[in-house]
Amino acid sequence: MPDALHPAFLFFAGALLVALLRGKAQALVALLVPVVSAVFVIGLGAGDGWTVSFLGYELQPFRVDRLSLLFGYLFHIAAFIGLLYAWKAGDTLQRVSGLLYAGSALGAVFAGDLITLFVFWELLAVTSTFLVWGRRTPRSVRSGQRYILIQILSGLTLLAGTIIYFVDTGSLEFSFIGLESGLGAKLIFLAFGIKCAWPFLHNWLTDSYPEATPVGTVFLSAFTTKVAVYALARAYPGTELLVYIGAAMTAFPIFFAVIENDLRRVLAYSMINQIGFMVVGIGIGSELGINGAVAHAFNDVLFKGLLFMSMGAVLFRTGTMNGSNLGGLYKSMPITTVFCMVGAASISAFPLFSGFVSKSMVVTAVLHEHHNVVWFILLFASAGVFHHAGIKIPFFAFFAHDSGKRVKEAPKSMLIAMAISAFACVFIGTFPSISLYRILPFAVDYVPYTATHVLTQCQILFFSALAFTWLKLSGLYPPELRSVNLDVDWSYRKLLPAVSRGVYAMAKTSRAAIDAGGLAILRKLGQAYYGLNGPASRLARTWPTGSIALWAAVLLGVYLVMFYT
Amino acid sequence: MIRENLPALQVVIPLMAAPICILFKNGRAAYGIALAATLFAFGAAISLLTQVLGVGPISYELGGWAAPWGIEYRVDYLSGFVLVLVSGMGVVVQLFSPASIKREIDEEKHYLFHCAFLLCLTGLLGIVITGDAFNVFVFLEISALSSYILISLGKHRRALTSAYQYLIMGTIGSTFILIGIGLLYMMTGTLNMADIAARIGPVATTRTVLAAFAFFTVGVSIKMALFPLHLWLPNAYAYAPSVVTAFLAATATKVAVYVLIRFTFTIFGEHFAFEETPVATLLMPLALIGIVVASSIAIFQKSVKRMLAYSSVAQIGYIVLGVSFVSVTGLTGGIVHLFNHALMKGGLFLAVACVVLRIGSDRIDDFAGLGRRMPVTMFAFVVAGLSMIGVPLTVGFISKWFLIQAAIEKGWWPVAALVLLSSLLAVAYIWRVVEIAYFRKPPEGEDRITEAPVSMLLPMGALILATIFFGLNTEATAGVARQAAEYLMGAVR
């Protein structure tokens with residue numbers, strides 16, 4: 001029984017305390033929770049944990065090994081940065097739900113059995129929803145409702161999968177499952193996929209994250225999808241299907257990100273793209289692949305958090321997130337601009353920035369396994385990331401045409417939070433072997449800084465940047481799509497605008513059509529449902545006593561006939 | 001002496017206390033008597049259950065007349081479990097009642113409330129403890145007649161018509177049950193349950209016994225409000241005084257389910273009921289349709305009490321579903337949900353009673369802003385609501401776990417999926433209340449609304465704690481339920 005303290009409980013207790021406090025004391029206590037908990041977590045080693053018996057089965061609600069520890073450290077850092085960021089912009093609701101949310105994420109990664117995982121999986125859904133609702137606009141309330149419905153659906157799928165898996169195999173252990181062990185395993189796989197934002201299951205992410213509060217989005221970007229990545233890495237490493245799912249995830253968001261105007265939604269799309277790299281790494285399943293996937297998850301929390309923080313600061317100060325309304329903010333928010341560019345450089349995997357040392361692991365792992373087509377897609381996706389997250393975000397927010405907005409620099413607490421993230425991005429990117437590589441699940445003999453790696457990456461980046469500049473100058477932007485193709489014959493350049501305009505128009509109309517069509521069907525279904533079950537319907541009205549008695553007689557007749565035959 | 005006669009005292013003490021309430025004709029004195037009698041019943045029930053768990057089923061001959069001629073009281077795992085549930089809920093509701101009935105029932109009728117409450121409790125306890133088929137009918141009538149009185153005490157004028165409708169339907173139900181018992185007596189010449197079970201074998205396939213079973217099943221379906229015979233329930237629950245609703249929702253329909261389980265498994269026998277007749281194939285679809293339809297109707301209700309009433313109809317569906325699996329796991333799920341649902345629905349109705357006390361209405365729109373005005377009450381509502389949805393760490397999860405496992409054991413995937421997906425309907429109707437209470441601004445000038453008095457919060461809190469406690473510690477509920485299920489299933493073999 002308990003010989004080690006579960007960090008989730010510290011977070012939950014902290015949340016309770018925070019709910020009772022107000023003002024500065026509240027912000028301070030909230031900030032101390034991850035620090036205190038980190039002290040305990042650093043003392044943990046592989047093999048610690050508890051087992052309990054529940055409904056007559058042995059469960060392991062707390063299990064510590066290298067993989068879960070890595071995510072444990074990561075979530076403490078993320079929670080600390082998020083709460084620091086919330087020093088000024090947060091309120092009681094956001095601090096409490098942020099702490100509960102982080103605690104649930106910790107509970108999920110330290111879960112050693114599927115029941116415990118399910119419990120925290122659902123807690124993760126419920127607690128995070130309040131960060132979306134916390135913005136208190138009608139849009140965010142509706143978006144949050146759609147979000148929690150899908151999240152709970154994922155939880156129910158997980159529960160169904162768990163029960164079937166249990167009936168099939170008699171095991172509730174949360175370790176390697178693999179797709180081969182029947183329907184239960186497939187349902188669990190699907191449940192992870194929903195939280196992981198696989199293609200066609202991803203809409204909840206791009207729908208809700210941009211609607212959350214500035215603080216909320218920073219929290220949201222750190223936990224839910226990373227828990228899913230952790231769960232996949234734990235239960236389905238080496239599943240080949242994941243390689244293709246991941247490749248699709250890296251590629252498709254790029255098209256949407258380019259045509260999107262809400263800059264936080266651009267980041268949400270780029271998030272799916274980054275998770276794609278992790279999913280590919282898990283699908284490869286080699287030691288290098290898994291290392292790359294979790295290392296990238298670690299870095300992604302930092303640099304995506306940084307980007308969301310910088311955009312959140314812009315939203316906090318200007319009240320808008322539309323690229324077309326922003327621009328020229330570097331004059332009034334110079335420090336935020338610098339941090340945003342550090343984040344942009346990291347996500348684009350510039351050498352010496354954190355994205356480089358983890359993304360290249362995944363790409364190399366793909367090459368080792370000779371998935372050439374996938375490798376090509378990843379290269380395309382890398383160029384795409386640089387384009388929409390690396391250039392578009394800082395360019396439209398801080399440079400481009402001057403919107404004339406003159407605001408104050410972001411609050412100090414936000415700047416400090418961003419500074420910590422930015423420092424971590426650069427430090428990990430520059431000295432990976434003394435920081436990140438030491439806590440990875442498998443021993444690392446990978447060297448990121450070889451001439452080939454650096455040169456390949458620089459080529460992609462510089463050509464991508466060149467493409468952006470040229471397209472911008474020749475007035476062809478925004479429909480620019482294929483920056484990698486610049487060096488092919490010039491006649492393609494003439495075709496390019498036409499093709500890309502066509503694709504752009506198609507993407508736009510088809511999205512509108514799907515939205516409108518889907519909504520119409522939903523509305524019809526809703527009306528039919530209400531007609532059947534609403535207060536005025538036959539089923540819900542108060543019936544005359546005689547009719548009820550008649551029903552009893554009819555039912556008796558049915559029983560008698562059925563029994564006699 | 002007391003220990004030996006505990007099975008009789010279990011019923012006799014509340015029965016004797018009821019007329020004493022009338023003699024005093026005073027609300028306060030009646031309350032004291034009722035509370036004392038209920039507490040005694042609870043203590044007796046716990047003591048009986050521990051005895052059963054220790055030494056096995058207890059048989060008690062009333063007045064020293066040996067069964068099958070005399071009336072036998074019989075406490076086994078299932079009846080001990082249900083006795084504790086019913087009397088426990090009685091204690092909670094009695095403790096809760098004074099402040100609530102002060103607002104909802106006329107002062108001069110208070111002693112009548114306590115008297116009717118005791119009679120209702122007597123009837124329910126009697127149904128559970130007796131080992132005599134005709135005795136079941138007698139107690140059924142005692143509990144039903146007193147619950148008509150309880151419902152008609154409501155101040156709303158529709159309370160009377162609702163009570164009347166319940167009276168008609170309840171009487172049809174008990175008449176059907178009586179016809180069933182009569183036909184059984186005709187064929188076996190005995191009324192003692194164990195005796196009938198022993199003699200039914202040779203005559204089991206006769207049309208008379210089949211007709212008896214049909215009458216019995218339909219009659220008890222009315223009593224437990226199984227879809228589509230639930231139509232009396234929503235109005236009765238909506239217009240009765242809140243404490244009455246809480247008590248009836250937590251006990252009356254549960255005891256009807258107990259009667260179903262007792263008769264089907266102990267008297268008719270698993271073999272006859274489920275192999276000679278297609279009763280499982282009839283009950284299961286009704287249970288499933290009931291779950292979906294009643295939950296859907298609940299989503300659109302404007303009154304919270306009515307909404308919870310429809311949710312009760314759906315929950316009865318889950319319990320009957322568990323029974324209709326005819327497996328130890330399924331029966332365990334049904335029995336454990338019988339207990340769990342009583343806890344959470346009792347908690348929900350008590351929370352609504354607190355709201356009614358303060359704002360005088362249970363309309364869902366009037367809940368606006370209550371999250372801040374009545375934080376404890378609404379928190380209790382949320383916890384019990386989460387349990388209704390089946391969230392882990394609450395009792396609702398335990399029930400669903402067994403039900404789904406039972407469905408998968410049988411390989412009935414669609415049923416398992418339906419049980420799981422129907423949780424989303426519960427999310428919808430619970431969420432509506434939570435959203436309005438926490439996210440909608442209260443109307444102007446409603447600042448004077450304050451939290452309910454401690455005398456109400458404590459009993460309600462006890463129920464809420466129980467939904468968490470039994471969600472974590474499953475030994476007491478699921479353990480006993482499994483023992484009961486194994487005993488029932490094994491009784492035939």
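A:H370 is exposed in this predicted model, since 8 other C-beta atoms lie within 10 Å of its own; a residue is called exposed if 12 or fewer other C-beta atoms, placed from the backbone, lie within 10 Å of its own C-beta, buried if there are 20 or more, and partly exposed in between. Its place is in the loop between α14 and α15 (372-398) of chain A, where helices (H or I, at least four residues) and strands (E, at least two) are DSSP runs numbered from the N terminus. The phi angle of A:H370 is near 60°, a positive value in a residue other than glycine. A positive phi is also found at A:A349, where the angle is near 65°, and this residue is in the loop between α13 (334-347) and α14 (354-368) of chain A. A:A349 is buried, because 29 other C-beta atoms lie within 10 Å. In chain B, the peptide bond from B:F227 to B:P228 is cis, with omega near 0°, and B:P228 is found in the loop between α8 (207-224) and α9 (233-239) of that chain. Most residues other than glycine have a negative phi, and most peptide bonds are trans.

Residues are numbered from 1 along each chain as its sequence is written, while chains are lettered from A and ligands numbered from 1 in the order in which they are written. As this is a predicted model, local features need pLDDT of at least 70 and side-chain atom pairs count only at pLDDT 80 or more, whereas totals for chains, interfaces and linings use all residues.

Confidence was examined by chain and for the complex. The mean pLDDT of chain A is 83, and 91% of its residues reach 70 or more; pLDDT is the predictor's confidence in each residue, from 0 to 100. Over residues 479-494 of chain A the pLDDT is below 50, although this stretch has 24 contacts in the model beyond near neighbours in sequence, a contact being a pair of residues whose C-beta atoms, placed from the backbone, lie within 7 Å. Where pLDDT is low, the predicted coordinates should not be read in detail. Chain B averages a pLDDT of 88, with 99% of the residues scoring at least 70, and the predictor gives the complex an ipTM of 0.81 and a pTM of 0.73.

The contact between the chains takes 33 residues from chain A and 44 residues from chain B. On the side of chain A that touches chain B, the elements giving two or more residues are α5 (114-133), α6 (138-169), α18 (490-533) and α19 (545-564) of chain A, and the largest share, 12 residues, comes from α19(A). The residues of this side divide into 28 nonpolar, 4 polar and 1 charged, where Ala, Val, Leu, Ile, Met, Phe, Trp, Tyr, Cys and Pro count as nonpolar, Asp, Glu, Lys and Arg as charged, and the others, Gly among them, as polar.

The contact is made by A:T545, A:I548, A:A549 and A:A552 of α19(A) together with B:Q165, B:I168, B:M169 and B:I172 of α6(B), and its residues divide into 6 nonpolar, 2 polar and no charged.

Within chain A, helix α3 (residues 66-89) and helix α12 (residues 287-318) pack at an angle of about 10°, with their axes 10 Å apart, which makes α3(A) roughly parallel to α12(A). Residues in this contact include A:L67, A:L70 and A:L74 of α3(A) and A:V294, A:F298 and A:V301 of α12(A). By class, the contact has 12 nonpolar, 1 polar and no charged residues.

A:M333, in the loop between α12 and α13 of chain A, is buried, with 24 other C-beta atoms within 10 Å. Leaving aside neighbours within four places in sequence, A:M333 is in contact with A:V407, A:E409 and A:A410.

Conventions:
Contact = placed C-beta atoms within 7 Å. Axes fitted to C-alpha atoms, helices over the stretch in contact; angles between N-to-C directions. Parallel < 35°, antiparallel > 145°, perpendicular 65-115°, else oblique.
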